[in-house]
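Dear colleague,

I am passing on the structure we spoke about, and below it you will find notes on what came out of the analysis. Please read them alongside the coordinates.

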Amino acid sequence: MLKIENLQARIEEKEILKGINLEIKPGEIHAIMGPNGSGKSTLASVLAGREDYEVTGGSVDFLGKDLLEMSPEDRAKEGLFLAFQYPVEIPGVSTTNFIKTAVNEKRKYLGQEPLDAAQFLKTMKEKMKLVEIDQSLLSRSLNEGFSGGEKKRNEIFQMAMLEPKLAILDETDSGLDIDALRIVANGVNQLRSKDNAFLVVTHYQRLLDYIVPDFVHVLYKGKIVRSGTKELALELEEKGYDFIKAELEKETV
Amino acid sequence: MEVINNLTKAFASQENPSSPLHEFQSDNWKTFAGLGLPAIKHEEWKYTRIRNAYADNLVIATNAQLIAATLSAHQLPGTDHANRIVFLNGRYQAGLSSFQDDSASLVVKPLETAAGDEDAEFVNLHLGHSQKYHPDGINALNAAFAAGGVYIRVNKGKSLNQPVVIYHFTDSSNGYAFSQPRILVNAAEASAASIMETYVNIGGGESLTNEVIEICAAQDAVLHYVKIQNEGAKSSHSGTSHIRQLGKCLTHAVTLTLSGKLVRNNLNMVMEAEHGESHMYGLYLLNGDTLADNHTIVDNAMPHCFSNELYKGILDEQSTGVFNGKIFVRKDAQKTNAYQSNKNILLGDHASANTKPQLEIFADDVKCSHGCTIGKLDEDALFYLKARGISEQKAKALLLHAFAIDILDQIQHEAIREYADKLISERLSFDF
C-alpha cells in the first residue's frame, strides 16, 4: 500500500529525515516510536503533504502512485488521512459542514454521487457512536474551544467519515486521559480491516496497549534504527530511549 | 477648477431665500467656498484622494426620473414589506417612497418641510452636528444642498415593525453623476428602529455620492443601522453617518463595502449620556482598484459607557483598505469600556491595508483596548482543510467566509443578513 524508499526531507536548512525506508501492506498496523526531535511528526507531515518541508530525496509510492507528486488534497482523496497532533481551531466553520464538504469532495473525486442530506446524517450518526462524540460538538465551529480530548476524538470521527485506506495518527495519544485514549483506540480498532492500514506515531508505548501494532519501528535522528514486533515497544518502555541511543553509539564505535 | 464653477452654478440655481433651510445652506456654502475640497496633505485624507472624485465633468443632475420597474429591480430581497425611502440623484422622492408602519409610529417628510413645522426645533438643534467632527469642505458642501433631504421621526415609545430601507439611486446615463443625499433621523425616547441604506448606480456611467446622515437616538432608544455598499467599480462615495446618543440608549451599526471606486465612510458614535452602549462593525471585501476608507469615531463624554468596534477587511488584487479608529474618552467619562479591533487579510500581492487606531483618553479610570492585524490566510488552517481533501480554492473560500461571518452575523434583519451572505459567498465562490 505504502512504500517509502530512502526518504529525505528538511525544513529550511535543517535536515530532518535522513533516509527512511518503510513498507506498509493492507491490514497492517505500524507504530513509529522515537524520542522527541527524532523526526516522527516530520514524517507524518511529509506524507500528508505539508509544504513547510522540502523533500530532498527518495520516493513514496502510495497504491501505485507517486505520493510526493500529489497535492495534499489529492492525497486525502486517494485515501490518505492524517490525524493531526495539533488539530487547528477554525472559528466560523461549522464542523458538520466541513465534514460534509470533505466527504463529498472525495466522493466526487472517486466518481461517486454526493451524499444527500439524509444519507449524510445517517452515516454521521453511525460514526458518532463509534467515537462516542456528541452532536453538540459537531454543531460548533471546527475545534473551536474543544478540549484536547475532544479535538482528538474529532480527528478520529473525521477519519471514520472519510474511510481512508491509510491513516496516520500523529501522537493522537498526547494529552489524552485514559478514558479518552480508550475511546480513540476503540474507534481505530473498529475501523480496522484487511483493506486498510494504520501508521501510529507515538512517543509512548501506552497507546499500543490499546492499538496493537503488527510492527514497531524506532526513529532516531531521522532514520529508522530498529524494527520489530510489539515486544520492541515494551522493551523501549522498560529501558527508555537512552538504551537505543547507547546501543547505537556502541555500534558506531 | 471647472467643477467648482459647476457647483457654484448649481448652488445658485437651487437657492430659495424663503426656505427655512436657506440660512443653513448658504452658511455652509460659504464654509465650503472657504475650505474647498479636502487634500491628501490633510491627515484625515492621507490615503484617500477625494479630490480626484470631483472631476470637472461631474454633472449635478436635477430632473431625472425613476420608473417603478427600476425600483423593484433593485429592491433588496426579503424587504417587500419594509418601509421604503427613495432618493434619486440625492433628492428625496416622496412619490416613490412607501411606508408600512403607520404615521403614529413613523413620520417621514422632506427635510425642508420639517425645518418649518413642529419639528423645526429639533431640526435647528441637530442638523449639521456632524460638522463638529468633520469640519471639512465636503460635509459643508452636502449641507449647502440639504433642501433635497429627508427627515425621519420614529415616535416616542414606538417600535417599528419593519425596517426603514433607504435606496439611493444615482442616474449616470447623462454623464458623471453627482448625488448629495441628506438625512436627519429623530429616534425619540424608547423607540426602536432599524435603518438600512443601499446605493444603486443606474445608467452605466460613473457616479459620486456625497452623503450625510445624522441620527439622534434619545433615552432608551434602540437603533440599528446598516449600510450596504455594492455600487460597482464606477461609483465613488463619501459619506458621514453620525449617530448621536442623547440619552442612555443602544446604537448599533454595520457597514459592508463590497465594491466601488473610491469609498470613504465616516461613522461617528457620539455618546452624550451615561450608560450608553454602542456597537460598530464593518466588513470591506475589495478587489480591482477599489479603495475603501473607514474612519470611525467613538466619543465618550459621560461615564459608564460601553462601545465595541470590529472592522474586518479582505483585500484582493490591487485594492486598498484604510481604517482609522478614533476613541475619545473625555475627562468626565470615567468607567468607560471601549474596545476596538481591525483585522485585515491581504490576498493580492498588490493589495494594501493602512490601519491606525487613535485613542485619546483624558479620564483615568477606563478600560480601552485596541488591536489591528494585517496578514495572510492562516497557513495551518489552510493545510488542515486541504489534508481533508478540500481543494485549495474551496479551502480559501471557506476560511474567508468564516472570517467574514462574524460581521454578517451582526446584521439583525434576517433577510438582509442572508442577502449580504449571498453577495459575499458569490464573491468568494463559496458554496457550502
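Two residues are taken to be in contact if their C-beta atoms, placed from the backbone, lie within 7 Å. On that basis, among the contacts in chain A between residues at least 6 apart in sequence, 70% join residues at least 24 apart. Please keep in mind throughout that this is a predicted model.

Confidence in chain A averages a pLDDT of 92, with 99% of the residues scoring at least 70. Within that chain, strand β6 (residues 80-83) of chain A has the highest confidence, at 97, whereas helix α10 (residues 241-252) of chain A has the lowest, at a mean of 79.

As to its fold, chain A contains 10 helices and 12 strands. Its radius of gyration is 18 Å, close to the 18 Å that the globule rule gives for 253 residues, so chain A is as compact as a globular protein of that length. The C-alpha trace of chain A spans about 65 × 40 × 35 Å along its principal axes, and buried residues account for 42% of the 253 residues in the chain.

Chain B is divided into domain 1 (2-273) and domain 2 (377-432), whose C-alpha centres lie 32 Å apart. Between them, 14 residues of domain 1 of chain B are in contact with 11 residues of domain 2 of chain B. On the domain 1 side, the elements that give two or more residues are β8 (192-202), β10 (222-230) and β12 (250-259) of chain B, and β10(B) gives the most, with four residues. By class, that side of domain 1 of chain B has nine nonpolar, five polar and no charged residues.

With best wishes

Methods: Residues numbered from 1 in each chain as written. Chains lettered and ligands numbered in written order. Predicted model: local features only at pLDDT ≥ 70, side-chain atom pairs only at ≥ 80, totals over all residues. pLDDT = per-residue confidence, 0-100. Domains from an automatic or database assignment. Nonpolar A, V, L, I, M, F, W, Y, C, P; charged D, E, K, R; others polar. Rg over C-alpha atoms; globule rule 2.2 N^0.38 Å. Buried ≥ 20, exposed ≤ 12 C-beta atoms within 10 Å, placed from the backbone.
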